[in-house]
Amino acid sequence: RVLVAEGLSPLDPDLRSWARRSGGHPLLLALLAPAIESGHYSPESFTIDRVITDNKMLNFKDTVRNVVLSHLKILGSEAQAVLFSAALFDRAVSYRELRQKLLERVRMPEFTAPLFAPSLGGLIHRFSEINFRKGFDLLRKAAMLTTKDASRDQEEWVLEAHPLVQAGVRAHLINQHHKLWRKANWTIYCTITRSVKKQKPTEKNDLLKLYSAVPHGVHAGKGKKAGWMYARRCLHGFRAYSTNRHGMIGEDVALISHYFEGNWGPLNEDVGLNSYAEVQALVWAGAVLSGINRGEEGRGLIRRGLLKAHETRNFTTAARMGRVLGIMLAMAGELKEAEECLRESIADMEKRSPTIVRFIELRLVDFAFQRMASRSMYGSVLHYQGRFAEAETAFKDATLHQRKATRYPRLRGLWGSREVDLLLDMEHFDEADELIALARVDPEQPDGWGEGVFVLPIVGLADVRARVRRADFEG
């Protein structure tokens, strides 16, 4: 009711989610509503403290910071150190995580030093449980830090700062202790990424750990390094492994949002991206936003990235972006523009990028796959326009690229299902049945460009369409 009274539509699909996240705090609701209304933030992408501080239209960051600091001065140095440490994390953090990922790793003057006690005559300093507990108890009594599962062992306690408190603390660290802010975040990033031993993990829990490291890398000013870690270890190159295999598209949206100012505004200038990395951030943000039905925003980001890719002669990325944009436009019914994008995508794959770009992409990009995917989607768009003969030629061309790079003679998964649609409209039912059998992929053994949790349902749906069309035809 408060959010609606402050201007949000009662029909907003995210209304209940924001209300739950706010915990019913009236001041927070009053601050949150205009930020959401002006910036069109979504709860799957942004935490509350980011919404109320990132939005340029709301100018109360310093006020929040001053209120928080005035309380901390009264509570003492141990309380400051505990709250500063907990506020580094975008989510609630367990005491065990906080200690292992930050406090035991590095002692920083003016930041975590009060949580350490001297030993061996002052020669070394060790982390002090007593000092931490003293600061924590003071914060809890002042309602600045809460504990979930306080009845459990202290190691398992989950510490969480109120979003307004977290926003104030972060503003203070960024403005007054920027080097320490970056150093602390880099310490956390390195600890998390080293804790996952496999270079290309396949288990979701390991992938989630690596996802959680990326925002810390961005805050540390190492956005390019963190982005490449995510691309290599989570996405397994440009295969989008974690997205397709585990359906982690919501996590992708939240992760990539850290590279942008506000709600998908300009890319942050101080996170260490070069022009190549900026293009990758734009195209991936556009792709994942479209995947959660925010196509208009997604297409805007991809157009920005496509323009930058052509300016920097990064033609392989331009080809990928053109294909993704073509898919989006086709889904929106803009078939002529989609056809143009896909033709340009096919042409871009044959252009020569600068040597440094080709060197970067040598181990990341499966060029045969990129050629196959663009031609397959081009055939699909031609099919939608009723140009069956041209579409058939495009699919045959795509199949040739599939054969060159894999042991499979026909298109599989998503790409095979698109060709099945064409075969059904051409009433080639036997060939469609054959392709459906070849297109089925075991999601536990991804191989031959057919991986992903979405593949079996897609091919199953193609099978149903084939049976219905055959029955209609024979009837």
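**Helix packing and salt bridges in the predicted model**

Helix α12 comprises twelve residues and reaches 15 Å from its first C-alpha to its last, close to the 16 Å expected at 1.5 Å a residue. The structure described here is a predicted model. Within it, α12 is mostly covered, with nine of its twelve residues buried. These buried residues are Gly223, Ala226, Gly227, Trp228, Met229, Tyr230, Ala231, Arg233 and Cys234. Their cover includes α10, α11, α13 (241-246), α14, α15 and α19 (355-361). After α12 comes His236, which has a positive phi, near 55°.

The setting of this helix is a chain whose secondary structure comes to 24 helices and five strands. Of the 475 residues of the chain, 54% count as buried. The chain exposes about 22200 Å², of which carbon and sulfur atoms supply 53%. When contacts between residues at least 6 apart in sequence are considered, 66% of them join residues at least 24 apart.

Helix α10, one of the elements that cover α12, has 18 residues and reaches 26 Å from its first C-alpha to its last, close to the 26 Å expected at 1.5 Å a residue. Its buried residues include Leu180, Trp181, Ala184, Asn185, Thr187 and Ile188. Tyr189, Cys190, Thr191, Ile192 and Thr193 are likewise buried in α10. The buried residues of this helix pack against α7 (95-103), α9 (163-176), α11 (204-219) and α12 (223-234).

Thr191 counts as buried because its relative accessible area is 14%, under the 20% cut-off. A polar atom of the Thr191 side chain lies 2.8 Å from the backbone oxygen of Thr187. Thr187 is itself among the buried residues of α10. An α-helix has 3.6 residues a turn, so residues three or four places apart point the same way. Leaving aside neighbours within four places in sequence, Thr191 is in contact with Gln100, Lys101 and Arg105.

A search of the whole structure finds 19 salt bridges. In one of these, the side chains of Asp270 and Arg182 meet, at 3.8 Å from N to O. The pair links distant parts of the chain, 88 residues apart: Asp270 lies in the loop between α14 and α15 (275-291), and Arg182 in helix α10. Both partners count as partly exposed, Asp270 at 46% relative accessibility and Arg182 at 24%.

A further salt bridge joins Arg387 and Glu339, whose closest N and O atoms are 2.8 Å apart. Arg387 lies in the loop between α20 (367-384) and α21 (388-405), whereas Glu339 lies in helix α18 (residues 335-348), so this pair ties together parts that are 48 residues apart in sequence. Arg387 counts as partly exposed at 22% relative accessibility, whereas Glu339, at 5%, counts as buried.

Asp397 and Arg375 also form a salt bridge, with their closest N and O atoms 2.9 Å apart. Asp397 belongs to helix α21 and Arg375 to helix α20, so the pair ties together parts that are 22 residues apart in sequence. Asp397 is partly exposed, with a relative accessible area of 29%, while Arg375 is buried, with a value of 9%. Elsewhere, salt bridges that share partners join Glu339, Arg343, Arg387 and Glu390 into one network.

Helix α14, which is among the elements covering the buried residues of α12, spans residues 249-256 and contains Ala254. Ala254 is partly exposed, with a relative accessible area of 25%. Ala254 and Ser212 are 42 residues apart in sequence, and their C-alpha atoms are 10.0 Å apart in space.

On the surface, Leu461, Val464 and Val468 form a nonpolar patch, with about 260 Å² of accessible area together. Val468 is located in helix α24 (residues 455-474). At 45% relative accessibility, Val468 counts as partly exposed.

Terms used. Residues numbered from 1 in each chain as written. Predicted model: local features only at pLDDT ≥ 70, side-chain atom pairs only at ≥ 80, totals over all residues. Heavy atoms only, no water. Buried < 20%, exposed > 50% of the residue type's maximum accessible area, 1.4 Å probe, protein only. Polar contact = N/O pair within 3.5 Å; in protein donor to acceptor, adjacent residues only side chain to side chain. Contact = heavy atoms within 4.5 Å. Helix = DSSP H or I, 4+ residues; strand = E, 2+ residues; numbered from the N terminus. Areas by Shrake-Rupley, 256 points an atom, 1.4 Å probe, with all protein chains shown as cover. Expected span 1.5 Å × (residues − 1). Patch = residues over 30% accessible without salt bridge, like charges linked within 9 Å, V, L, I, M, F, W, Y side chains within 5 Å. Salt bridge = Lys/Arg side-chain N within 4 Å of Asp/Glu carboxyl O.
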